[in-house]
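Colleague: Please take me through the reading of this model, one feature at a time.

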Amino acid sequence: MSEELIKEDTDLSLATERLTSLHINKRQDYLMWDDYFMATALLSAKRSKDPVTQVGACIVDKQNRIVAIGYNGFPRNCSDDIFPWVKNSDSDPLDCKKLYVVHAEANAILNSNCTSLDGTRLYTTLFPCNECTKLIIQSGIREIFYISDKYAEKSIYKASKRMLDAVGIVYKQHMPTKKQIIIDFDAIL
């Protein structure tokens, strides 16, 4: 072997060794992408003023960029001090929140600010209802990750799955790799 090749080989070994040593101490407890996006949906749900069910949604593109978030609440300029927060009203259906609340998934789609949602993923804390599913299909979202499917036996959620299956949109329950993510504002100071 010539002296030149030996020197080049040695330089390459030293460079590889130096690069390897630089990466030995990288943090290992970082958030995985799916946990990060679901945590964003959970954090968004904290904005909801609904006293019973707080739902958050996060839409992510193919490059793992968040393109929209949303949470359940009343439409813009509809005062949450005037409109009802009651889940079921025995007296008058107009006194029930269901007629007024915009769901998290719908708000996220509307908050996409004209960005194409074709081929995106939706992370939501609650499996989407039939009305949100229609919007999901129409917007081009191709995958849904959810935490809870507590209303699975209700017709509107069965209809959701039927539509999603018919158009080939993948949906699956997200199983977090971490049980808890703590946001501590004081840790930054």
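Predicted model: local features only at pLDDT ≥ 70, side-chain atom pairs only at ≥ 80, totals over all residues.

Colleague: With which residue does Glu153 form a salt bridge?

Modeller: Side chains of opposite charge can pair when their charged atoms come close. The criterion is a side-chain nitrogen of Lys or Arg within 4 Å of a carboxyl oxygen of Asp or Glu. The partner of Glu153 is Lys158, with the closest N and O atoms 3.6 Å apart; Lys158 is partly exposed at 43% relative accessibility. The whole structure holds six salt bridges. One of them joins Lys49 and Asp80, whose closest N and O atoms are 2.8 Å apart. That pair links distant parts of the chain, as Lys49 lies in the loop between helix H2 (33-45) and E1 and Asp80 in the loop between E2 and H3, 31 residues apart. Helices (H or I, at least four residues) and strands (E, at least two) are DSSP runs, numbered from the N terminus.

Colleague: Which way do the residues of E1 point?

Modeller: In a regular strand the side chains alternate between the two faces of the sheet. In E1, Gly56, Cys58 and Val60 point one way, Ala57 and Ile59 the other, and all are buried. Because five of its five residues are buried, E1 is largely enclosed by the rest of the structure. E1 runs antiparallel to E2, joined by five bridges, and it pairs with E3, also in the antiparallel sense, over four bridges; pairing requires at least two DSSP bridges. Val60 has Ile66 as its bridge partner in E2 and Arg121 in E3.

Colleague: How many residues has the largest nonpolar core?

Modeller: In soluble globular proteins, nonpolar side chains tend to be buried together. A core here is a set of buried Ala, Val, Leu, Ile, Met, Phe, Trp, Tyr and Cys residues joined through side-chain atoms within 4.5 Å. The largest has 24 residues, and Ile59, Ile109 and Ile144 are among those with the most contacts inside it. Its contributors of two or more residues include strand E1 (56-60), strand E2 (66-71) and helix H3 (104-110); H3 gives the most, four residues. A second, separate core of seven residues includes Met38, Ala41, Val60 and Phe145.

Conventions. Residues numbered from 1 in each chain as written. Heavy atoms only, no water. Buried < 20%, exposed > 50% of the residue type's maximum accessible area, 1.4 Å probe, protein only.
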